[in-house]
Amino acid sequence: MTEQTESCDIKEKSCCCAGSAPEAKVDLKSHWDKAYESSDLNKLGWYEEIPEPSLRLLEKCKLDKEAAILNIGAGTSHFIDELIAQDYRRIIVNDISSVALERLKNRLDPVNLQRLEWICDDLTNPSELTKLEPVDLWHDRAVLHFFQDIKEQDTYFALLKSLVKTGGFAILAEFSLEAADKCSGLPVFRYSDEMLSEKLGNDFNLIESFKFTYQMPTGDDREYVYTLFKRLHP
Ligand SMILES: C[S@@+](CC[C@H](N)C(=O)[O-])C[C@H]1O[C@@H](n2cnc3c(N)ncnc32)[C@H](O)[C@@H]1O
């Protein structure tokens, strides 16, 4: 497995409608780097000690321990710790933020690092990600919903479709239609399971979906829709 976080040279990526000043231009890589620099990891607004709903869906996939699992926009998620604890051997960790990936790397036991591949890359303008071999599972919690622009969404779904094997799975957990309209100070595009099914098309079958109320470290609630898809056709 390779390590690519040290040479993360993603170009500046902007959003014209972030945070409390909707007109301000925000460099999204800097936004996420700052979020991970400036906070205790367990105070982040998306911190999950145990990613229970993701684990519930992972179990349904009944994957081999050698399965390739790609966690996109992983940040410092404990889903990675859980995959290691469950003895998965091919774990690919992606994020736009090199700070997040470094903090995650520093948190993990060094003896487990050889199971991990690190890819600092932008899902809406992917480069290194496009070079990956097909994967058995694509896992996304709270990433897709940041992509407001239809072109960004199309790029995301084209990448997913190019990377998930026939017989493989995608877990997508995003803000639901009832959810807040911002996350981490950025506007979000909210989803239902039907909307996600439509984006994935006929080659993917919705195996399971459920609503989940996540409680932030502040005590506030955030409404998610969790979905598990299986790819039936190439
Ligand atoms: C709300 S956090 C969720 C982090 C993690 N999935 C979790 O559940 O703890 C959103 C994550 O998406 C990453 N992200 C945002 N835009 C991205 C992009 N264009 N490409 C890759 N990662 C991105 C952020 O750096 C951040 O780690």
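**Exercises on a predicted model**

Trp32, Asp33, Tyr36 and Glu37 of helix 1 meet Ser98, Val99, Ala100 and Arg103 of helix 4; contact means C-beta atoms, placed from the backbone, within 7 Å. Helices (H or I, at least four residues) and strands (E, at least two) are DSSP runs, numbered from the N terminus. The model is predicted: local features need pLDDT of at least 70 and side-chain atom pairs count only at pLDDT 80 or more, while totals for chains, interfaces and linings use all residues. Residues are numbered from 1 along each chain as its sequence is written.

**Exercise 1.** Describe how helix 1 and helix 4 cross, and classify the residues of their contact.

*Solution.* Step 1: the axes of helix 1 (residues 28-37) and helix 4 come within 7 Å and cross at roughly 35 degrees. Axes are lines fitted to C-alpha atoms, for helices over the stretch in contact, with angles from 0 to 180 degrees between N-to-C directions. Step 2: the contact residues divide into four nonpolar, one polar and three charged. Ala, Val, Leu, Ile, Met, Phe, Trp, Tyr, Cys and Pro count as nonpolar, Asp, Glu, Lys and Arg as charged, and the others, Gly among them, as polar.

**Exercise 2.** Give the strand order of the open sheet and explain which strands stand at the edges.

*Solution.* Step 1: seven strands form the sheet in the order 5-4-3-6-7-11-10, with mixed pairing; a pair needs at least two DSSP bridges. Step 2: strand 5 (116-120) and strand 10 (204-215) each have a single partner strand, so one side of each lacks a neighbour in the sheet.

Definitions and conventions
Two residues are in contact if their C-beta atoms, placed from the backbone, lie within 7 Å.
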